[in-house]
Amino acid sequence: MNNIQKKIVDYVKETRAEVKKVTWPDRRYVTAATIIILLIVIVFAVFIMILDWGLARLFMMITRTV
């Protein structure tokens with residue numbers, strides 16, 4: 001095995017060893033976090049939509065009067 005192959009094999013072995021050390025979250029935590037993130041995204045999307053609508057109306061009012 002040449003030097004590059006050995007480095008690749010060592011890298012894969014070390015990566016597998018590190019992945020085994022990871023503490024993975026349980027399904028309930030992942031589900032709750034996903035729901036919270038989706039709700040935050042929806043709230044911000046609605047906020048930006050309302051802000052965009054309001055600014056568009058304001059711009060239209062300003063440009064009509066001039």
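The model is predicted: local features need pLDDT of at least 70, side-chain atom pairs count only at pLDDT 80 or more, and totals for chains, interfaces and linings use all residues. Residues are numbered from 1 along each chain as its sequence is written, and side-chain values use heavy atoms, with hydrogens and water left out.

**Overall form.** The protein chain has two helices and zero strands. Helices (H or I, at least four residues) and strands (E, at least two) are DSSP runs, numbered from the N terminus. The radius of gyration is 26 Å, well over the 11 Å that the globule rule gives for 66 residues, so the chain is more spread out than a compact globule. That radius is taken over C-alpha atoms, and the rule is 2.2 Å times the number of residues to the power 0.38. Along the principal axes, the C-alpha atoms fill a box of roughly 80 × 35 × 10 Å.

**Surface.** Buried residues make up 0% of the 66. Buried means under 20% relative accessible area, exposed over 50%, partly exposed in between (1.4 Å probe, protein chains only).

**Salt bridges.** The whole structure holds two. Each needs a side-chain nitrogen of Lys or Arg within 4 Å of a carboxyl oxygen of Asp or Glu.

| Salt bridge | Closest N to O |
|---|---|
| Lys6 – Asp10 | 2.9 Å |

Lys6 and Asp10 are four residues apart in helix α1 (residues 3-21), about one helical turn. Lys6 is partly exposed at 46% relative accessibility. Glu18 and Lys21 are three residues apart in helix α1. Lys21 is exposed at 60%.
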